[in-house]
Amino acid sequence: MDDLAAIPVIDGHCHPFDPATPPREEDWLRFEQPEGDGVGETLLRMAARAWAGGRRGDAAALFADAGIVGQVVDPGWPDLPFGMDRYAEMAPARVKLLQRIEHLCDEALAADDGDVRDAAERVRHLTLAALASGRFAGLKSVIAYETGLDIQPPNHERAQEALTAGLPRRQSKALNEFLAHTALRAAAETGAVVQFHTGIGARFLPAHQESPWHLLGLLEQAWLRGARVVILHAGFPHLTAAGRLVGIFPNVYCDLSMLFPYSYPACSARLRELLAFAPPGRLIFGSDGCFEPERYWIAAKLAKQALAEVLGDLVRDGAMTASDALRLAEGMLYDTSARLYEFPR
Ligand SMILES: [Zn+2]
């Protein structure tokens, strides 16, 4: 199949970076900052160093090389010394922001009057206001890190008990879920996009809680069907679970960050695994980029390489035409995100 280099890319899940503060050489493109002596150079870093050449640190050149024209940014991490308006000016791509549900819950609880229904009403108001403001392209939830993805139906009595006892939101499953439900209902009523962190990504997320399959009970709720739900990081390493959920629920999408770039050199193998269950029309490229422009760049480069390889094999097998394959690649790299987050089409 043809080279996909010319297809424009929207990065459907990433974080901001600070062009003025490049990372230390030993931290460059590391999945996680090592605490030891830095032994253990990854193949990803070796490849990036070889391919970047003189473009190292040059965000405009790197983004142009990979065709990145849009970014859907979760500004909730890392903390940068400037606001997101400044980031949008500096980034060499069109930037759309997400609002973290947990930040809205904290804001609502800061005005605590002791009644959990009042707190939930404030969450609803804040969520609807954020979505109507035109400032945000959707919501993001990191509830996986806090009280887990197995979000239970709201239990008013237990949530009120936790609030009355002064338990922090992050330490009370009932309180956190009561407030999260309110935000999710507002999202569903307005047809908003909600991204959920799933899969590995943080050492403080216990392995038994990371699979997106824990979202099944929530996704089965009829009231949630109005929301477009994005499973972040393809639930990595639980790709089959993520793919199954996309296959079951027509309002569920899957972000490919973690496959690209961190699965290198197994990107195409991981993509095949996901495609075994997930309809390709609801897979979305994302890089989970942060810290330095090379992360976004190499993720997009590897995605184009893997898509060309995997879709090319399907064309050779006679499973689809070359133009079908091209349409699927354009969908994963640009069109589906453009539709979800309202980029120009
Ligand atoms: Zn992320």
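Which glycine takes a positive phi just after helix 2? Glycine 67 does, with a phi of about 80 degrees.

What you see is a predicted model, in which local features need pLDDT of at least 70 and side-chain atom pairs count only at pLDDT 80 or more, while totals for chains, interfaces and linings use all residues. Residues are numbered from 1 along each chain as its sequence is written.

The protein chain has 13 helices and 8 strands. Its radius of gyration is 20 Å, close to the 20 Å that the globule rule gives for 345 residues, so the chain is as compact as a globular protein of that length. Here the radius of gyration is taken over C-alpha atoms, and the globule rule is 2.2 Å times the number of residues to the power 0.38. Along its principal axes, the C-alpha trace spans about 60 × 45 × 40 Å. Helices (H or I, at least four residues) and strands (E, at least two) are DSSP runs, numbered from the N terminus.

Buried residues make up 50% of the 345 residues. A residue counts as buried if 20 or more other C-beta atoms lie within 10 Å of its own, as exposed if 12 or fewer do, and as partly exposed in between, with C-beta atoms placed from the backbone. For contacts, the C-beta atoms of two residues, again placed from the backbone, must lie within 7 Å. Among contacts between residues at least 6 apart in sequence, 78% join residues at least 24 apart.

Two strands pair if DSSP finds at least two bridges between them.

Strand 3 and strand 4 pair in the parallel sense over 4 bridges, and leucine 97 stands opposite phenylalanine 136 in strand 4. Strand 4 is mostly covered, with 6 of its 6 residues buried.

Strand 5 and strand 6 run parallel and are joined by 4 bridges. Both faces of strand 6 are covered, with Arg228 and Val230 buried on one side and Val229 and Ile231 buried on the other. Strand 6 also pairs in the parallel sense with strand 7 (residues 252-255), over 3 bridges. Isoleucine 231 has cysteine 254 as its bridge partner in strand 7. The chain crosses from strand 6 through helix 10 to strand 7 in a right-handed β-α-β crossover: with the strands pointing away from the viewer, the path from the first strand over the helix to the second runs clockwise.

Back to helix 2 (residues 59-66), whose buried residues are Ala59, Leu62, Phe63 and Ala66. Seen down the helix axis, these buried residues fall within an arc of 95 degrees, so they line one face of helix 2. That arc is the one of the directions from the helix axis to the C-beta atoms. An α-helix has 3.6 residues a turn, so residues three or four places apart point the same way. What covers the buried residues of helix 2 includes strand 1 (9-14), strand 2 (68-73) and helix 12 (293-316).

Finally, some backbone details. A cis peptide bond joins tryptophan 77 and proline 78, with omega about -10 degrees, and proline 78 lies in the loop between strand 2 and helix 3 (84-90). Another cis peptide bond joins phenylalanine 236 and proline 237, with omega about 5 degrees. Proline 237 is found in the loop between strand 6 (228-231) and helix 10 (239-248).
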